[in-house]
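Subject: Model handover

Hello,

Here is the model for your set-up work. My notes follow below it.

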Amino acid sequence: MNDWYRHIIIAPILVPLVAGALLLFFDERRRVLKAMISVVSCVLLVGVAIALFRLAIKGPQGGFDGVYLLGNWAAPFGIVLVADQLSALMLVLTSVLAIPALVFSLARWHAAGAHFHSLFQLLLMGLNGAFLTGDLFNLFVFFEVMLAASYGLLMHGSGSMRVKAGMHYIVVNLVGALCFLIGVSTIYGSVGTLNMADLALRIADLDPDRRMLLEAGAGVLGVAFLVKAGMWPLNFWLPAAYSAASAPVAGIFAIMSKVGIYVILRLSLLVFGEGSSAGFGLNVLLYGGMATILFGTIGVLASQALGRLASYSVLVSSGTLLAVLGLGNGVVTAGALFYLVSSTLTLGAFFMLIELVERGQDAGATVLAVTMEAYGDADEEEEETEIGVTMPATIAMLGTCFAAIGILLSGLPPLSGFIAKFAMLTGMIGVNASNAVGISLSVWLIVALLILSGLAALISMTRAGIRTFWASMEGTVPRVLVVEMAPVLLLVAVTLVLTVQAGPVMRYMEATVERLARPTLYIDAVMDARRAGQPAQTPVGATVTEEGI
Amino acid sequence: MELVLALAIGIMTSSGVWLLLRPRTYQVIIGLSLLSYAVNLFIFSVGGVKSNAAPLLENGVKTADLADPVPQALVLTAIVIGFATTALFLVVLLAARGLTGTDHVDGREQPK
């Protein structure tokens with residue numbers, strides 16, 4: 001057989017699984033060895049993800065259908081893994097974010113508690129599995145793998161604040177998991193399949209009463225994903241959890257909220273792309289997303305501590321994506337994918353940078369500074385004796401990164417945050433966007449909210465930057481190691497690459513959305529997937545499919 | 001049989017939701033357990049309630065007479081995962097009790 005390379009599709013799941021299991025065999029004291037295994041696994045993952053990405057670009061024309069039949073069972077019966085362009089993109093994003101987070105943790109955090117590396121690898125396994133799977137129940141399993149690892153990681157480093165936030169996080173996610181199960185089983189009860197491609201195929205000719213049941217199931221299922229994505233009013237757990245997590249964990253958590261968005265994008269385009277249920281739930285995404293942006297923006301403006309500022313920025317990013325996806329417009333969705341990549345990298349870098357910046361400060365200093373700002377300084381301006389004191393290199397470095405992240409978050413030129421917002425806005429109100437009907441009110445609302453949220457991010461970041469770097473109350477320089485600075489620099493550098501290579505990246509996003517908009521491509525690829533050792537697919541047990549319920 | 005099953009699911013869900021909204025962590029965990037029992041039964045029931053039917057396909061057996069094996073497989077997975085996460089939550093609950101000294105979900109007693 002010449003298609004050995006097909007097995008690469010399952011590698012993003014197997015590599016972290018093996019690494020995570022292997023790490024359990026070694027004692028916590030063998031830190032260097034554990035770190036080595038973990039780093040090797042992450043580097044392998046980047047390689048695998050990029051290889052898959054290149055295969056996915058070639059696509060079916062290049063002889064790569066991206067379907068992997070687990071256990072060599074034909075499509076609707078067995079579980080399939082599907083690596084199309086969207087999945088490949090998410091895999092690359094995960095692995096590119098994982099390496100900096102891991103390297104950052106090597107300075108200090110990985111020694112702050114037991115099994116950091118195992119949990120980290122299992123989290124990656126869950127994420128990659130969720131991006132690859134083509135089966136709803138398998139998606140649930142990978143979600144649980146990811147969540148179980150995240151429970152452990154969130155409480156890594158212990159402390160009453162983390163445990164408290166972790167407890168709320170666990171309860172919310174357990175209830176979310178139950179919603180997931182109810183949704184999945186209702187869908188199975190109404191359609192009789194769990195395979196996403198088969199589901200999309202069968203939904204076309206469904207009785208009206210069955211369709212109602214299916215839509216109810218999809219709605220309950222959607223709640224589970226929206227909890228993960230952080231849509232208002234399901235997101236009150238998020239700021240507390242994200243700001244309590246240790247820096248490298250919060251860094252990798254930046255992509256966790258995007259998993260929900262990925263699934264919503266995948267399922268809404270595949271299952272509810274066309275047919276009589278087309279556009280199901282889009283309005284919920286649209287208005288829920290707008291409410292989330294508003295909530296996040298108010299949170300960003302009101303945050304006193306940097307950790308909370310970053311957490312609310314996660315909400316703004318989620319809300320933007322949800323609202324824009326709710327428009328159901330292909331051009332805008334391509335811009336949203338660009339925004340997803342850019343904002344995930346930015347937030348990952350931001351969470352790690354915050355820890356470095358706050359190291360030089362008292363715990364309550366930032367809160368105190370805001371209070372003083374509000375009520376006026378009692379002891380204004382002592383005397384300026386420090387004229388001509390040069391800025392230490394560390395502060396300069398931190399300040400530059402902080403400024404870059406501020407620009408990225410608020411969407412100012414010249415970095416990729418601007419390009420992402422520009423792409424979305426062009427799709428919404430550009431020359432080609434206005435059709436005969438004109439631009440609807442909700443589009444204008446989103447445009448206004450997008451720009452306002454950028455302004456709010458700019459105001460908050462400027463305020464926080466001035467407070468931290470120019471008018472610092474202590475004036476101490478934080479001790480920052482190279483392995484902690486390098487990850488942040490790397491992530492900022494990746495956004496720089498995104499900026500310079502915006503053209504090719506944007507074209508890839510457009511091609512991805514174009515493929516997503518034609519569900520038949522996905523369905524045919526999965527249903528016609530050839531079993532290994534079989535020249536052509538045989539309709540084995542075709543009679544059994546009719547069994548249904 | 002359908003009525004009994006539906007009643008059982010409904011009663012367990014409503015008790016579970018009520019307990020989930022209580023302020024003590026122990027009540028929350030019992031609520032979660034009840035909810036997951038209800039969900040497990042629900043998954044089991046979506047395959048259609050049949051008695052005395054094996055999920056085995058043989059020659060000469062009509063598919064309509066079979067019990068659906070998929071929900072049975074799903075419910076097994078859901079039980080295992082639910083059990084594991086509940087156990088994990090129990091550990092966190094004990095850790096929170098140790099760190100904060102109270103079993104209130106917010107980590108401090110509500111002022112009377």
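The model is predicted.

Confidence first. The model scores ipTM 0.92 and pTM 0.88. Chain A averages a pLDDT of 83, and 87% of its residues score at least 70. Within chain A, helix H4 (residues 116–132) has the highest confidence, at a mean of 92. Helix H14 (residues 365–375) of chain A has the lowest, at a mean of 59. Two stretches of chain A need a flag.

Chain B has a mean pLDDT of 86, with 99% of its residues at 70 or more. Confidence in chain B is highest in helix H1 (residues 2–20), at 93. It is lowest in helix H3 (residues 69–100) of chain B, at a mean of 88.

Now the fold of chain A. It has 20 helices and 2 strands. Of its 549 residues, 56% are buried. Take the contacts in chain A between residues at least 6 apart in sequence: 81% of them join residues at least 24 apart.

One helix pair is worth a look. Helix H8 (residues 208–229) and helix H10 (residues 247–270) of chain A pack at an angle of about 145°, with axes 6 Å apart. The crossing of H8(A) and H10(A) is left-handed. On the H8(A) side, the residues are A:Gly222, A:Phe225, A:Leu226, A:Lys228 and A:Ala229. They meet residues of H10(A) that include A:Val259, A:Gly260 and A:Val263. The contact of H8(A) with H10(A) divides into 7 nonpolar, 3 polar and 1 charged.

Next, the contact between the chains. How many residues does each chain put in? Chain A gives 25 residues and chain B gives 30 residues. On the chain A side, helix H5 (136–154) and helix H6 (160–191) each supply at least two residues. H6(A) gives the most, with 15 residues. The side of chain A that touches chain B divides into 16 nonpolar, 5 polar and 4 charged.

A:Leu181 deserves attention. The largest nonpolar core has 219 residues, and A:Leu181 is among the members that touch the most others, as are A:Leu123 and A:Met424. Beyond its neighbours within four places in sequence, A:Leu181 is in contact with A:Phe140, B:Val39, B:Ile43 and B:Ala78.

Most residues other than glycine have a negative phi, and most peptide bonds are trans. A:Asn72 has a positive phi of about 60° and is not a glycine. A:Asn72 is found in the loop between strand S1 (67–69) and strand S2 (80–82) of chain A. A:Asn72 counts as exposed because it has 11 C-beta neighbours inside 10 Å, and the cut-off is 12 or fewer.

Two peptide bonds are cis. A:Trp232 and A:Pro233 are joined by one, with omega about 5°. A:Pro233 lies in the loop between H8 and helix H9 (237–244) of chain A. The bond from A:Pro413 to A:Pro414 is cis too, with omega near 10°. A:Pro414 lies in the loop between helix H15 (393–410) and helix H16 (416–429) of chain A.

Best wishes

Definitions and conventions. Residues are numbered from 1 along each chain as its sequence is written. Chains are lettered from A and ligands numbered from 1 in the order in which they are written. This is a predicted model: local features need pLDDT of at least 70, side-chain atom pairs count only at pLDDT 80 or more; totals for chains, interfaces and linings use all residues. Two residues are in contact if their C-beta atoms, placed from the backbone, lie within 7 Å. Helices (H or I, at least four residues) and strands (E, at least two) are DSSP runs, numbered from the N terminus. Ala, Val, Leu, Ile, Met, Phe, Trp, Tyr, Cys and Pro count as nonpolar, Asp, Glu, Lys and Arg as charged, and the others, Gly among them, as polar. Axes are lines fitted to C-alpha atoms, for helices over the stretch in contact, and angles run from 0 to 180 degrees between N-to-C directions. A crossing is left-handed if the near helix is turned anticlockwise from the far one by less than a right angle, and right-handed if clockwise. A nonpolar core is a set of buried Ala, Val, Leu, Ile, Met, Phe, Trp, Tyr and Cys residues joined through C-beta atoms within 7 Å. A residue is buried if 20 or more other C-beta atoms lie within 10 Å of its own, exposed if 12 or fewer, and partly exposed in between; C-beta atoms are placed from the backbone. pLDDT is the predictor's confidence in each residue, from 0 to 100.
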